[in-house]
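Q: I would like to learn how to read the features of a protein model with some care. Could we go through them one at a time?

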Amino acid sequence: MAKGLCLRCYKRARAGRPLDDTELERYGQPDGHGRYGILDDDGTSVLCHECGRRYRALGAHVGRAHGMTAAEYKAAHGLSRGRSLAAATLRETFSQHASARVGTAGWQRFENARDPQAAAHARTFPPAPAQTRRSQATQSVANGKASRKTVVRTCPGCGAQWCPLPGGYARKTCRAPACIRALASRATRDHARRHAVTIRPLTDHERHQLRTLTGPALKDLVTRLKNDNGIAQKTLAAAVGISEAGLSRFLSGHRVPGTDRPRPTAPAGGAKPVSGPQRL
């Protein structure tokens, strides 16, 4: 007894299942030739609830004589799913035979051929009752161990998969250094590809405006061309006639380009334009 309950009722109470259902009311009551929920085992034989005969094991008997599987027989007579239908002496014999096979040549062949992962995937378990699942979910939330999200993420580097926890950091890789570098490289390539699509050359009218405008009008034009059209700052600085660093200072308000900016010309003979006094 535990907390005033038998072990069976105590487990049902912990699982949140009712204690006053029909199954518990029938427990120990006459059921066919035996009692409901009790396997009559005298040590050498067990009693069949269906026909009243005694056998060393009931598994094969109920299938041949009554057309029932062992699981159906246990469910019909209130026996636990893990309860053996063999007598105690037969179970002891099976245990001794199994222990004697450990370490033999056949055991080694079995160890070499077994696949634990395939065996785990082949197991089929009956689903838990809805009330039990709700109770487990409530208890998981109370313990701070809520179930994972149903989203499956795949690492772009190594292909590993995982389910992110609710409220956790939504990582995009398995956090291995090689995978992080691969994701960063892919992001850089994608950004360059998108940028290459949006970039366009400056028109003659825009070049003329960049050379002639000053003050807020020039700043607005440079900002619009840079942000809306994706033109590189280096290209804009060359069109304005100042350095790239000078353009950055101009946009931040620390410099105002003068009106005497050098303008490109096309001198005869392909000589470079003279932008200042030359020393002879």
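This is a predicted model: local features need pLDDT of at least 70, side-chain atom pairs count only at pLDDT 80 or more; totals for chains, interfaces and linings use all residues.

Q: How many helices and strands are in the protein?
A: Helices (H or I, at least four residues) and strands (E, at least two) are DSSP runs, numbered from the N terminus. The protein has 13 helices and six strands.

Q: What percentage of the residues count as buried?
A: A residue is buried under 20% relative accessible area, exposed over 50% and partly exposed in between, with a 1.4 Å probe and protein chains only. Of the 280 residues of this protein, 20% count as buried.

Q: At what angle do α11 and α13 pack?
A: Axes are lines fitted to C-alpha atoms, for helices over the stretch in contact, and angles run from 0 to 180 degrees between N-to-C directions. Angles under 35 degrees count as roughly parallel, over 145 as roughly antiparallel, 65 to 115 as roughly perpendicular and the rest as oblique. Helix α11 (residues 215–227) and helix α13 (residues 244–251) pack at about 110°, with axes 10 Å apart, and they are therefore roughly perpendicular to each other. The contact (heavy atoms within 4.5 Å) involves Gly215, Leu218, Lys219, Val222, Thr223 and Lys226 of α11, and Leu247, Phe250 and Leu251 of α13.

Q: How do α11 and α12 cross?
A: The axes of α11 and helix α12 (residues 233–240) come within 10 Å and cross at roughly 150°, so that these two helices are roughly antiparallel to each other. On the α11 side the contact is made by Leu218, Val222, Leu225 and Lys226, and on the α12 side by Gln233, Leu236 and Val240.

Q: At what angle do α10 and α11 pack?
A: Helix α10 (residues 204–212) packs with α11 at an angle of about 140°, their axes being 9 Å apart, which makes α10 oblique to α11. Glu206, Gln209 and Leu210 of α10 meet Leu218, Leu221, Val222 and Leu225 of α11 in this contact.

Q: Is Thr173 buried or exposed, and which residues is Thr173 in contact with?
A: Thr173 lies in the loop between β6 (161–162) and α9 (177–198), and Thr173 is buried, with a relative accessible area of 5%. Leaving aside neighbours within four places in sequence, Thr173 is in contact with Cys155, Pro156, Trp162, Cys179, Ile180 and Leu183. A polar atom of the Thr173 side chain also lies 3.2 Å from the backbone nitrogen of Arg175.

Q: What is the phi of Arg175?
A: Most residues other than glycine have a negative phi. Arg175, found in the loop between β6 and α9, has a positive phi of about 75° although it is not a glycine.

Q: Where is Tyr36, and what separates the C-alpha atoms of Tyr36 and Gly78?
A: Tyr36 is placed in the loop between β2 (34–35) and β3 (46–47) and is buried, with a relative accessible area of 6%. Although Tyr36 and Gly78 are 42 residues apart along the chain, their C-alpha atoms are separated by 5.7 Å.

Methods
Residues are numbered from 1 along each chain as its sequence is written. Side-chain values use heavy atoms; hydrogens and water are left out. A polar contact is a pair of N or O atoms within 3.5 Å; within protein, one must be able to donate a hydrogen and the other to accept it, and residues adjacent in sequence count only if both atoms are side-chain atoms.
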